[in-house]
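The sequence and the model are shown first.

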Amino acid sequence: MKEYIETPTYMGYATQQRSRKYILCLLALFLTYQIYRAHGPITTQVPFAPVPPPPCDKTSFPEIPEPPPQAIEAWSELRELFDAHPPNVELEHADFEGGQTVKPTVELLDEFLDLTSAEAKDMQNEHARVVQNIPQYPHGQFSGKGIVMIAGGKYSEYASTTLGMIRLLGGRLPVEVWMKDRNEEQQGWCEELAPQGMACRFVEDYIDDMSPFSHHYQLKTPVMLLSSFAEILFLDSDSLPVLNPDRVFDAPAYRLLGAVLWPDYWGTTESPWTPYITGAKNKKDLARPTYQTVDSGQMMWNKEMHWQ
């Protein structure tokens, strides 16, 4: 009897709530109509407002090929090459807590690598040997343009929003979504992505030794190299586009240079020895404090143009 009495009481409360919602909806419609009568239709166009894409045809996206075996071999060869040519001095980086507004001085940057001229020359030679022995670009193994993203764990939540935004803005590029291993996949998520022209990839399927990768950001270089795409737009999972990202491959700067990097907020904290060691300059660069860092959350890379 108690249950019989409580149920009508709840039903009555729910009915009251629905009635209030109806009244509020009618009031909102009435106010909207009055505003429309007073001011007329709004015709101002918002600059760069995205145009809703046509309904997505699940059969219109081509299948994304697996990473080619040559890419897997190239990564193994690079790993062996790096291990064979470690820095010949102890590298220590000075602490710097300057943030976005305070840039380090020349003196502080110069402390980041405490090298003699002879040690810097040895490092330059070692770097040159690495570059000379980088595997040749495997022509014909990579194809097309595409977006590469790292997800997994909490980053899959960010990626879900970003991937949805890409398609909402009309983006049609294929997407490879990389995770460290299958433990990072949310059940059924990859199956939901597949009809939208997005393929899940797991790094552990292509790299045997995963011990060097303790953080997700460390996966950026290998997944870009392993990707089946010849031309890549890498996006962080929380790098939310506001325009259709397909268009960036038509940018004159990218077509000319084959690579695009976006600036970050912070000033550089790299050693003045860096351009000398890499062979970009023939002496220490004391102008480094005026340089800006770049944000690895968005990167464009034409593999054939910048393989070495």
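## Basis of the report

The model is predicted, so local features need pLDDT of at least 70 and side-chain atom pairs count only at pLDDT 80 or more, while totals for chains, interfaces and linings use all residues. Residues are numbered from 1 along each chain as its sequence is written, and side-chain values use heavy atoms, with hydrogens and water left out.

## The chain as a whole

The protein chain contains nine helices and six strands; these are DSSP runs numbered from the N terminus, helices (H or I) having at least four residues and strands (E) at least two. Of its 308 residues, 36% are buried, where buried means under 20% relative accessible area, exposed over 50%, and partly exposed in between (1.4 Å probe, protein chains only).

The accessible surface of the protein chain is about 19600 Å², and carbon and sulfur atoms account for 57% of it; such areas come from the Shrake-Rupley method with a 1.4 Å probe, and for residues only the protein chains shown count as cover. Among contacts (heavy atoms within 4.5 Å) between residues at least 6 apart in sequence, 78% link residues at least 24 apart.

## The sheet

Six strands form an open sheet with mixed pairing, in the order E3-E2-E1-E4-E6-E5. Two strands pair if DSSP finds at least two bridges between them. E3 and strand E5 (259-267) are the edge strands, each pairing on one side only. From one strand to the next, the twist averages 25°.

E5 and E6 run antiparallel and are joined by six bridges, with Val294 in E6 as the bridge partner of Pro263. Helix H5 (residues 154-168) packs on the sheet, where it touches E1, E2, E3 and E4, and its direction makes about 155° with that of E1. Axes here are lines fitted to C-alpha atoms, for helices over the stretch in contact, and angles run from 0 to 180 degrees between N-to-C directions.

In strand E4 (residues 231-235), five of the five residues are buried. Glu231, Leu233 and Leu235 point one way, and Ile232 and Phe234 the other. In a regular strand the side chains alternate between the two faces of the sheet. E4 pairs in the parallel sense with strand E1 (residues 145-150) over five bridges, and Lys145 stands opposite Glu231. With strand E6 (residues 292-302), E4 is antiparallel, again over five bridges; there Gln298 is the bridge partner of Leu235.

Strand E3 (residues 198-202) is largely enclosed by the rest of the structure, because five of its five residues are buried. Met198, Cys200 and Phe202 lie on one side, with Ala199 and Arg201 on the other. Strand E2 (residues 175-179) pairs with E3 in the parallel sense over five bridges, and Val177 has Cys200 as its bridge partner.

## Nonpolar cores

A nonpolar core is a set of buried Ala, Val, Leu, Ile, Met, Phe, Trp, Tyr and Cys residues joined through side-chain atoms within 4.5 Å. The largest has 31 residues, of which Val223, Phe234 and Trp307 touch the most other members. Helix H2 (69-84), E1, helix H7 (220-226), E4 and E6 each supply at least two residues of this core, and H2 gives the largest share, five residues. Another core, of 22 residues, lies apart from it and includes Ala159, Val175, Leu233 and Val260.

## Ser237

Ser237 lies in the loop between E4 and helix H8 (252-257). Ser237 is buried, with a relative accessible area of 5%. Leaving aside residues up to four places away in sequence, Ser237 touches Met149, Ile150, Tyr155, Tyr158, Ala159 and Thr162. Ser237 and Tyr155 are 82 residues apart in sequence, yet 6.2 Å apart in space, C-alpha to C-alpha.
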